[in-house]
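Good morning, colleagues. Please look at the structure as it comes up.

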Amino acid sequence: MANLNCKIGDVKLNNPFIVTAGEHGRDGEEILKVAKTGVGAITTKTIVPHPAPDPRPCCVPMDNGFLNCVLAAIMPSEQWFKEEIPLAKKAGLPIIANLASADPNEAAELAVKAVEAGADMIELATYCPHLAENLEAQFPGLKIPPPEMDNPKPFYNTVKAVREVVNVPIIGKVSACHFSNILPWIEAGVKAGLDAVEVTDTIGPVMLIDIETGQPKLGGPRGYGGLSGGALKPIAMRMVFEIAQNYDIPIIASGGIQSAEDDIEYAMAGATYFGVCTVGHLEGQNRYTSLIKDLEDYLENRGITLDEIRGLTLRKVEERKEKGWDCNLEPIPPLVHEDICIGCGKCKDACIYDAITTENGKAVIHKDVCYGCGCCVWTCPTKAIENMYYKDI
Ligand SMILES: Cc1cc2nc3c(=O)[nH]c(=O)nc-3n(C[C@H](O)[C@H](O)[C@H](O)COP(=O)(O)O)c2cc1C
Ligand code: SF4
Ligand code: SF4
């Protein structure tokens, strides 16, 4: 069996799967239940001193994604420190206390109490895309200033204040809303003393509309929420990759993980741990158990380890540069393996350049017409079409 043991700082995890902040960390009882799935660590829902109720409805599944406008945990921080964290600790696995505060001093106070209550790690987030609008609607007169998306100083101050008062690992959870300019946030977090980063939180604000009624599908004033799940994966992937390219800090990938292949892809981008949330919300907590088993099987069947593949894509990209492949302009038609082709025609439909016909029940790529776009490779359900780019690296 593949050995998945790992550590964040000095905290030992049986495997790299971390249930990220969400409803599976909503209280001590729930954490005890989720711990039975065998995950490596569990994060609490965001703990705040003065919780506010969630606007309803607050959850909308969509094709390969999920919208939510749930706010923080519904019980106050004092209850978490007195009852919920001590109860959660009975699970016997590391508990990450996800904390949100009004200012750095409050963050430090919360962190001290969370650690005294038994939290093994602290998590601090940069931003939540739907919080302000929903809180302002609940508390008339409240005006939350718009976030300064290019100013990581408040995040730096918060992490630094917490770093000064606790010795446990601190994780910085970066919002996908910083996707176009992520590095200053990592720089600030690293300087302030982060031990790891979680990449990413949801992206938003986003919305969907019920066409039967014309109503926004989510509650709250305008039905704004955050997007998670598969649709978030390419955004999170690029952020993980870019952070790994520039910083030597352990990364928890969080965004649409649903399979061992997703774990492998994130590991190749540079991630060490795998955050899971939406998959468990939509398909039940037992999916966490199957994800662990699927990753073990994947590694074992191929005789590889996570350490070997971690950052592989960073190395490939370097090789591309060295070999002058970093901006290929020539089409290289893919290759159809006739023995695997079942003649379904999906590649033909997906070829906007009309370069594919089906002959005698098999796909044929016409090399003189092929634009080399690559679309057919990823469309084929039987993996009968081989990508011929980068064959020599
Ligand atoms: C219903 C729901 C509630 C969430 N609540 C929180 C939260 O309280 N604090 C937080 O930092 N992230 C929260 N998240 C974000 C997740 O922890 C996770 O980072 C994000 O959804 C991306 O991962 P996923 O695609 O695996 O869900 C929540 C996500 C969902 C779907
Ligand atoms: S690579 Fe693009 S252009 Fe060429 S056959 Fe495939 S889909 Fe058509
Ligand atoms: S999509 Fe794949 S299996 Fe279907 S016709 Fe094309 S090559 Fe064959």
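Phe17 counts as buried because its relative accessibility is 1%, where buried means under 20% relative accessible area, exposed means over 50% and partly exposed lies in between, with a 1.4 Å probe and protein chains only. Phe274, at 0% relative accessibility, counts as buried.

Before I continue, this is a predicted model, in which local features need pLDDT of at least 70 and side-chain atom pairs count only at pLDDT 80 or more, while totals for chains, interfaces and linings use all residues. Residues are numbered from 1 along each chain as its sequence is written, chains are lettered from A and ligands numbered from 1 in the order in which they are written, and side-chain values use heavy atoms, leaving out hydrogens and water.

Across the whole structure, a search finds five aromatic pairs. Rings of Phe, Tyr and Trp (its six-membered ring) pair if their centres lie within 6.5 Å; planes under 30 degrees apart count as stacked, over 60 as edge-to-face, and the rest as tilted. The ring centres of Phe17 and Phe274 are 5.6 Å apart and the planes stand at 50°, so this pair is tilted. Since Phe17 belongs to strand β3 (residues 17–19) and Phe274 to strand β14 (residues 273–276), the pair ties together parts 257 residues apart in sequence. Strands here are DSSP runs of E, at least two residues, and helices are runs of H or I, at least four, numbered from the N terminus.

Phe155 and Trp185 form a tilted pair, because their ring centres are 6.2 Å apart and their planes at 45°. Phe155 lies in helix α5 (residues 153–163) and Trp185 in helix α6 (residues 183–192), so parts 30 residues apart in sequence are tied together. Phe155 is buried at 6% relative accessible area, and Trp185 is buried at 4%. Trp325, Tyr389 and Tyr390 form one aromatic cluster.

What surrounds ligand 1? Its shell has 23 residues (a heavy atom within 4 Å), and the closest are Ala21, Lys45, Thr46, Gly256 and Thr278. An oxygen atom of ligand 1 lies 2.6 Å from a side-chain N or O atom of Thr278. For Gly229, a backbone N or O atom is 2.8 Å from a ligand 1 oxygen. β6 (65–68) and α9 (278–283) each supply at least two residues of this shell.

Finally, the residues surrounding ligand 3 include Cys341, Cys344, Cys347 and Cys380.

Notes: Polar contact = N/O pair within 3.5 Å; in protein donor to acceptor, adjacent residues only side chain to side chain.
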